[in-house]
Amino acid sequence: MLNSPEKQVEPPLSGKCVEALYLRVFSELRPRTAPPRVEVEFCRFANVNCFIKMSEGVVHVRISDLLAGAPPSVMEALAWILLSKLFRKPVPRIHAHRYRVFMNRGEMRRTMHSVRQERGRKFVSGPQGKHYNLEQVFEDINFRFFHGLMARPQLGWSRKASRSTLGHYDPSHHAIIISRIFDSPKVPPLALEYVVFHEMLHLRHPVDHSGARRRVHTREFREAEKQFPRFQEAVELLKHL
């Protein structure tokens, strides 16, 4: 049996090399503009966050320290993504794809999950609201749709009554957070039950990672979601919110 050749590992770039990389990408994006000074800082974020801004002729870049050891090709892809967004230009597909593939690797996802648990802080208000109790809603749905077998995560209401994010499941802190917009006597119980049911499905159907794709709502998820009684009526109620 022939052994495949070992994959050559790209050594990470030093800080000065990263700054030079951003200057090169800047010159390719804006060839007629004098290159600015670039300052790159690796920060101990709770997530793989990256920020860029330009102030008084200086491009300031703040990158998560989780990416400090990323291969040069990935750092270049990130430079193209950040600078393209800074100047409102389309991100080249090859760089967007390369970055997504790297971030979607199992090893990287496990590292991000651990760091979010270690560094991140999660505000969880508790299940009791002014009008609804999320624990009661969860247990009712658990009994009706999951045979009472789903372990209860942390449950809480959002800090603000958001209309854009109605609910979310945070796997790093095993918590379901529901927008306070539902904690009102004016909101029909059906609307709240559907949103809680939707977030509970994320426990049953985890995010699918394959290649550069990250599918939060898989086909199995969508099919299971439609099993909710009065599904269309619930969706229409959310539209009115």
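Let's start where two helices meet: helix H5 (residues 134-145) and H6 pack at an angle of about 70°, with their axes 10 Å apart. Here an axis is a line fitted to C-alpha atoms, for helices over the stretch in contact, and angles run from 0 to 180 degrees between N-to-C directions. H5 and H6 are therefore roughly perpendicular to each other, a label for angles of 65 to 115 degrees; under 35 counts as roughly parallel, over 145 as roughly antiparallel and the rest as oblique. On the H5 side, the contact (heavy atoms within 4.5 Å) is made by Leu134, Val137, Phe138, Ile141, Asn142, Arg144 and Phe145, and on the H6 side by Leu192, Glu193, Val196, Phe197 and Met200. By class, these are 9 nonpolar, 1 polar and 2 charged residues. Ala, Val, Leu, Ile, Met, Phe, Trp, Tyr, Cys and Pro count as nonpolar, Asp, Glu, Lys and Arg as charged, and the others, Gly among them, as polar.

A word on what you are looking at: this is a predicted model, in which local features need pLDDT of at least 70 and side-chain atom pairs count only at pLDDT 80 or more, while totals for chains, interfaces and linings use all residues. Residues are numbered from 1 along each chain as its sequence is written, and side-chain values use heavy atoms, with hydrogens and water left out.

Stepping back, the chain has 8 helices and 8 strands; these are DSSP runs numbered from the N terminus, with helices being H or I of at least four residues and strands E of at least two. Of its 241 residues, 42% count as buried, that is, under 20% relative accessible area, with exposed meaning over 50% and partly exposed in between (1.4 Å probe, protein chains only).

Now visit helix H8 (residues 231-240), where Phe231, Ala234, Val235 and Leu238 are buried. Seen down the axis of H8, these residues fall within an arc of 100°, so they line one face of the helix; the arc is that of the directions from the helix axis to the C-beta atoms. An α-helix has 3.6 residues a turn, so residues three or four places apart point the same way. Helix H6 (189-204) and helix H7 (219-225) are among what covers the buried residues of H8. The face turned away from the buried side carries the exposed residues Gln232, Lys239 and His240.

Finally, look at helix H2 (residues 72-86) and helix H3 (residues 93-103), whose axes come within 8 Å and cross at roughly 125°. H2 and H3 are therefore oblique to each other.
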